[in-house]
Amino acid sequence: MSSQGFSFSQAHLAEIAGDILKHAKKLGASACETDVSEGFGQSVAVRRSEVDTIEYNRDKGVGVTVYLGQQRGYASTSDFSKKALKATVEAAISIARFTAPDPCAGLADAALMARTKKLPELDLFHPWAIDVAEAIELARRCEESAFAVSPKITNSEGANTSIQQSHFVSANSHGFVGGYATTRHGLSCSVIAGEGDGMQREFWYDARRDPAELLSPEEIGRVAGERALARLGAKKIRTCEVPVIFEAPLAVSLVGNFVQAASGGALYRKASFLLDSLGQPLFPATVNISERPHLRKAFGSSPFDSDGVATRDREVVRDGVLEGYFLSAYSARKLGMQTTGNAGGSHNLIVHPGEHDLASLIRQMDRGLLVTELLGHGVNYVTGDYSRGAAGFWVEKGRIKHAVEEVTIAGNLREMFRSIVAIGKDALPRSAKQCGSVLIEHMKVAGR
């Protein structure tokens, strides 16, 4: 085992990938691409100061895609033995022979491949050298800090310390071979305030590539406790149509809704309300969304996508106008367009912040609903219709009046995007999408 904890070196993963490509060619494949990966981690959960669970995971896998002209076959295995790897390639070849030809199937253009000898240094690998006892102590400190907020914090759903690291190599018949190691570490805490029918649950967490940049356990616990405390006395409200603020952690979900609707798979299946929307105003002119794949330590950073295509900075939305979709080589061909280097998803979407923090947005809203929790998955991407259960706070005269529970917020994503009044500067760096709190001019709120 290497000093970094991996069972296989990057060189070994690259050797496996090379053997797979050679065997596929030997069996008559016109092209082949493969991903070889390994990862491991540790998760410790503490509840009421007692250790609840200790979990370890160690995984490895190989995925093989072969092409027989326009016929495609895929197979995978977690066995790295030469016999198993050959059998996996043979299985993919067999599947391809019985698959209908697809004129859009095939590798991305060779000219678009990332130049692996000149990849940017993204600083994505930061192992966390703590043992189980230290992880337990961090979780305990997190939970203790939450209980210290108030005697009204009456119970806990637990605090968690998680450590994950992985590495991979991708390769294809164009001669592309690339890979790197990444880490993801986190601390979280979930507690309950109140008693009986008046109990309220809340949580907080942080996640980073570099454990040195994590919020302290005391800070995470304190925020979780204060958020639970603020939810006490939650009331139902009458049905109304009012301005709505999506708190920053939830505003990221709106960005996710946008990405889903603007992704090639949804577009070529005609299952998106954003079909044929390129070059059209989708947001107010004050909204700009950038993709920045090469940010150091960020969760969405990558020098190339799942097709091996080099990633690049681009403006997805400029002055409210939609300038780019999220396309892989396959979906781009289906649409008669060029890949955007987004096979596997988007890379660090940054919604440009406004001038105000959350408190200022609340004052600007004056009267309406601040949403801090969403429930359910009521989004129709064909029509853009949006309906989700929600909880949060009722705002009067620019100040929070009381907590709100058991409401449903509804609208249409196209209209919601166009009705964005302001974006806060309170984005959190804990995901691959960053967006501050979002104030929307009006939405339907169904209550009692």
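Residues are numbered from 1 along each chain as its sequence is written, and side-chain values use heavy atoms, with hydrogens and water left out. Because the model is predicted, local features need pLDDT of at least 70 and side-chain atom pairs count only at pLDDT 80 or more, whereas totals for chains, interfaces and linings use all residues.

When its neighbours within four places in sequence are left aside, I409 has contacts (heavy atoms within 4.5 Å) with residues including F246, L369, V371, Y386, M443 and V445.

In helix α8 (residues 358–365), the residues S360, L361, I362 and M365 are buried. These buried residues pack against β7 (240–246), β12 (368–375), β13 (385–396), β14 (399–412), β15 (420–423) and β17 (438–446). Helix α8 is followed by D366, whose phi is positive, near 70°.

Rolling a probe the size of a water molecule over the atoms shows where empty space is left. On a 1 Å grid over the protein atoms alone, a pocket is an open set of points where a 1.4 Å probe fits, with protein on both sides within 12 Å along at least five of seven lines, and lining residues have an atom within 4 Å of a point. The largest pocket holds about 600 Å³ of space, the volume being that filled by probe spheres set on grid points joined across faces, edges and corners. Of the 38 residues that line this pocket, E33, Y67, R72, D307 and Y330 lie nearest its centre. Helix α7 gives the most to the lining, with four residues, and among the other elements that each supply at least two residues are β1 (31–47), β2 (50–68) and α6 (264–268). By class, the lining has 13 nonpolar residues (Ala, Val, Leu, Ile, Met, Phe, Trp, Tyr, Cys and Pro), six charged residues (Asp, Glu, Lys and Arg) and 19 polar residues (the others, Gly among them).

A search of the whole structure finds 20 salt bridges, each a side-chain nitrogen of Lys or Arg within 4 Å of a carboxyl oxygen of Asp or Glu. In the salt bridge between R201 and E157, the closest N and O atoms are 3.9 Å apart; R201 lies in strand β6 (residues 200–208) and E157 in strand β4, so the pair ties together parts that are 44 residues apart in sequence. R201 is partly exposed at 30% relative accessibility, as is E157 at 45%. The salt bridge between E373 and R231 has its closest N and O atoms 2.9 Å apart, and because E373 lies in strand β12 and R231 in the loop between α4 and β7, this pair ties together parts that are 142 residues apart in sequence. Both E373 and R231 are buried. Salt bridges that share partners join E157, R201, E202, R227, R231, E247 and E373 into one network.

Key. Buried means under 20% relative accessible area, exposed over 50%, partly exposed in between (1.4 Å probe, protein chains only).
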